[in-house]
Protein chains: 2
Amino acid sequence: MEIAALRARHPDHWMRATAIRALTLDAVAAANSGHSGMPMGMADVATVLFSKHLKFDPKAPRWPDRDRFILSAGHGSMLIYSLLYLTGYQDVTLDQIKNFRQWGAITAGHPEYGHVAGVETTTGPLGQGISNAVGFAMAEEHLRARWGAKVQDHYTYVIAGDGCLMEGVSQEAIGIAGRHKLSRLIVLWDNNDITIDGKVSLSDVTDQKARFAASGWDVFECDGHDPDDIDRAITAAKASAGPAMIACKTHIAIGHAAQDTSKGHGALTDKTQLQAAKDAYGWPGAAFEVPKDVKAWWESLGAKGAKARADWEIRLATLSAAKQAEFARIFAGEPAPKLGAAIRAVKKAAVEAPAKLATRSASEKVLAAVNPVMTETFAGSADLTGSNNTKTSDLGMFDVSSRGGRYMYWGIREHGMAAAMNGMALHGGVRPYSGTFMAFTDYARPSMRLSALMGLPVVYVMTHDSIGLGEDGPTHQPVEHLAISRATPNTLVFRPADLVEVAECWELALSQTGTPSVLALSRQNLAAVRTAHTNQNLSAKGAYVLAEATGKRRVILIATGSEVEIALKAREALEAEGIGTRVVSMPSMELFAAQDEAYRKKVLPAGPVRVAIEAGVRQGWDRWLLGERGRDGKADFVGMSSFGASAPYERLYKEFGITAEAAVAKAKALL
Amino acid sequence: MEIAALRARHPDHWMRATAIRALTLDAVAAANSGHSGMPMGMADVATVLFSKHLKFDPKAPRWPDRDRFILSAGHGSMLIYSLLYLTGYQDVTLDQIKNFRQWGAITAGHPEYGHVAGVETTTGPLGQGISNAVGFAMAEEHLRARWGAKVQDHYTYVIAGDGCLMEGVSQEAIGIAGRHKLSRLIVLWDNNDITIDGKVSLSDVTDQKARFAASGWDVFECDGHDPDDIDRAITAAKASAGPAMIACKTHIAIGHAAQDTSKGHGALTDKTQLQAAKDAYGWPGAAFEVPKDVKAWWESLGAKGAKARADWEIRLATLSAAKQAEFARIFAGEPAPKLGAAIRAVKKAAVEAPAKLATRSASEKVLAAVNPVMTETFAGSADLTGSNNTKTSDLGMFDVSSRGGRYMYWGIREHGMAAAMNGMALHGGVRPYSGTFMAFTDYARPSMRLSALMGLPVVYVMTHDSIGLGEDGPTHQPVEHLAISRATPNTLVFRPADLVEVAECWELALSQTGTPSVLALSRQNLAAVRTAHTNQNLSAKGAYVLAEATGKRRVILIATGSEVEIALKAREALEAEGIGTRVVSMPSMELFAAQDEAYRKKVLPAGPVRVAIEAGVRQGWDRWLLGERGRDGKADFVGMSSFGASAPYERLYKEFGITAEAAVAKAKALL
């Protein structure tokens, strides 16, 4: 690649794009870590995108009708930090660039949502950004259909590398986008032929253009260092009827000694080579210095966006006051005002006509009451609609010809579903929930972790939550999955016991603004355990006394979900023998842990022996069994210590010893 | 679909294939659960495959040179159970078919490896079987290159459905197989246009043939109900130069009222409809009855395989006795006899020249000693070779022109890598280990769970095992991942502290025959903590006293991996204040849990306060802090309770309070 020729052909563009390269080289050298090559290689594409296409206003980074720009190849974080600094996003100061990857800086190693305005999603784990983008584009289509193009009318642009495209989740995303003709989604593939281990050809021979085309995408290509060609390709992609992929042929670490090598992927910190690259670029000045005219040009780009945003404000103001308030509410992610009343009505009706009901069916009943009053919900299932009970009659189908529909057949794509839900939540204006079997939490796990890390109030409806699913056997029976979600910071795990608790847990999940929820729901029918109505949400404190001991309290049985019924039976047996036994229902360990010590001690006083009952592994329970500092009491656990088996569920509960009899025996052994 | 026409065209074939359909209908009806439609739809394909192509011997189901048949669409388990019963696999009796999905039966809801000979891998979680198959085919290519076609020369056949192809992991598998031209791999796609939620078109428009072709596969198609056409396609696929995919156009639940509908996917139990289908088939007799001539034909198929197997035994016998013994050992999965000596030599050298070393680098040193003496190891990395330190100089590259090479660039495909490793372990004759960052355990998780469920001694080399990785930030910093792997049944988690422990843990991992191992290794350099040589493997008991208290033992510090060094520093400080402090290194909680109570009490006696130090979440630690039944002592934990951050690692340890000072303060607060 002749740098001199590139400079000569488009001298102004060259210097503007090279500002990204120079800042990247300087920041990575200062941090002595990071990834130089990708921002250097994609600088031309980004410059054309930001100057000629992207609708953005650095003064209003959260403006709901901005175009979204997603750096799926998150390791190239200096690309986005450079762009945000150059165009004048207030928080991204030169000091932040100089403190790249340091403690307290918003310029983290990988772009982190919430740390810095202008970063639309946290990326780094490969394949996530491109898959989030599908959710962004779906949200835009959906909101445009429901609110009109005057308030929602924008594009989603993604820069993705070979790593993103090799991760399996990208195929799920490609499949969803192609099926739903998400024409506002444009993926710019950094086609540089390099991965960390060496040339892409070491590990892949996939014809990416053919692969995308096979799933209904429109495919384009361009010379990723020729601004005119890049502009032509993006213009064509915007006009395409389907989602568009542009293969941008680039040179990683262009102009550096490490150009076109896997070394160029990483941190280029050699000072001599760094200066040689800058010399080749014709880049003047000292480290972190951008020529005034270049900086001024970048800053001028915001003006177009500011105008677009001002026009948008005027259009938004034409909506009724009520509509404007609703728009603000859904973008703020606040629950609907009528949610509480709807939940209380379900609870009251449940107590008036108690029935044996699987909690997944209970969930459907709750959703039937919630979805009409909280119309920003957007639901789906990974090909288990009839099993996850996520679909209610009023939702309508989201489809090419019905973008206002609120239900999505995700296909057999748990990971893509979770990533897209993250994208929808990040976009704002919709509140996504979707289901799969709890065991397949595993498939969605990388995106579920990112829901937690980003603080997105996505709801995961995980049905068939134990060996209680029966005949499908151990591959489908979660055993360790409650522990897995509970081990994850900033994640609420709910395991409700009956319709009343399901209603309470849904209310809590839908009231979150910064935390995802996992609802663990049973396949099998369960007895109602909450028999008296109260408007109070008893699940809100995570655990509460469901049944009190008669006389002296000698045993506390703690249980969740389907095992609460078993705890109540065990209590009956113990009480019949004169052993005072309290039953604590604990639908959410995290919410209980968040209570003050006085409440926790009230529910779980020291003294009585404790037996927990849950059809999962013990890990995570000891804190409640033994007390955080020990010495609280003697304790034992009734649950699983192995994988499950294939048989009718009643038999499995018996064979694995998750029974009232076992709980009674363990309690008595401790007394 | 005119059943009558099909019957008339190939009357003998029809009855043979319909035996599968009839058994499926009867077994699902008896179980009142299961999946009828897929075995009914693919019965013709399976019949042609088993009768004209598959090399198998029901009398020797573990014969190393058999063709492998993988039912990736595992919900259609009655297809494989029918085939095994019909062809005369000894364990699959008619009683087992009648007890489909019942407690104690080997005919579990989904096919489970180890339960029934003839089931090559556990399937059900979609996309796994097809991805395992890539490992099977790689193992065959590799062993054929190293041992010669006279002892390894077979095909891997897969039946996969739309669910398998929609799961992202399938793309990773397709990419690997295409890149490596695995021409002995043949995927039979059950192209029936139906998923659980309805028509495939509801969720996908992918042109699967174009998609496979884009990754270098040879693509064929056939009428999945025409035996001649099926035979033609399989014959062509076997002759192809690349991996082959055959799109088999089929009708799900063919001949039943539910044909071509999503209802047909599930359990067809209506007795009238069942009988109507059998009448249409022209199927005689009562439930579970197969006409004698049909059964005899199926049983006769084994004869060809028995001959092939006898010929193979003769060829095997031409190898030297030593070679034969080696062949038997590697297929039995036993460690090499010289493994122990190699490990002890590393340990001795480590103690003689102690050095600060990251445990990932220590791992490379150990592997450099192990790989030459245990030549069945097969290594790789998901595009992090230089970071995971999994490659040693003697391995050579596995590639199209060097099938004997033992190192694989998996690409950015953690999930596909794990699934393929499962396949290699299942195939036998190779012992796979591969690496990625520990945080990306998440991506590989569905296959890691199956390693555990199937009892496969795969080794996962998970480097960058905490916030100790520093600047890459929270997306790359595992926090909950030790807890996740520890929560999983039948999984050994090792977190060694220095080169000596790394050597011991590798010895333990490579000595397993029925359990996968996760090696958690540091990015950052660590001080040597084992300063005296012993031939004994101290890590084998999971935890041991690394440094004893001086005088009265008042504190026990328990730590793993990179935090053992911190525990030793904390001990020094406590001892300096006259507080007797023991340090316990706990490289594996699972192995410690497996010791008898006497040993556990010796290492962790009741009385002293306990403080555990690990740069991960507390979940999983309480058992060792508080004792399994409580009252063991006061205890506290130094670790993480949130996600990490992006900064140099020394700063992170300080900011998150994982320091000797914090451990000292917590211990003293408890005294």
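In the predicted model, a salt bridge joins the side chains of A:R445 and B:E480, with an N to O distance of 2.6 Å. Such a bridge is a side-chain nitrogen of Lys or Arg within 4 Å of a carboxyl oxygen of Asp or Glu. Between chain A and chain B the count is 10 salt bridges. Helix α18 (residues 441–454) of chain A gives the most to the side of chain A that touches chain B, with eight residues. Helices are DSSP runs (H or I, at least four residues), numbered from the N terminus.

The model is predicted, so local features need pLDDT of at least 70 and side-chain atom pairs pLDDT 80 or more, while totals for chains, interfaces and linings use all residues. Residues are numbered from 1 along each chain as its sequence is written, chains are lettered from A in the order written, and side-chain values use heavy atoms, without hydrogens and water.

The contact (heavy atoms within 4.5 Å) takes 106 residues from chain A and 106 residues from chain B. About 8,600 Å² is buried between the two chains, 56% of it on carbon and sulfur atoms. Buried area is the accessible area (1.4 Å probe) lost on putting two parts together, summed over both. A:W103, A:Y443 and A:R449 supply 10% of the area that chain A buries against chain B, more than any other three residues.

A rotation of 180° with 0.0 Å of shift along its axis superposes chain A on chain B (RMSD 0.0 Å), by least squares on C-alpha atoms of residues with pLDDT of at least 70 in both. The two copies are thus related as by a two-fold rotation axis.

Methods. Helices (H or I, at least four residues) and strands (E, at least two) are DSSP runs, numbered from the N terminus.
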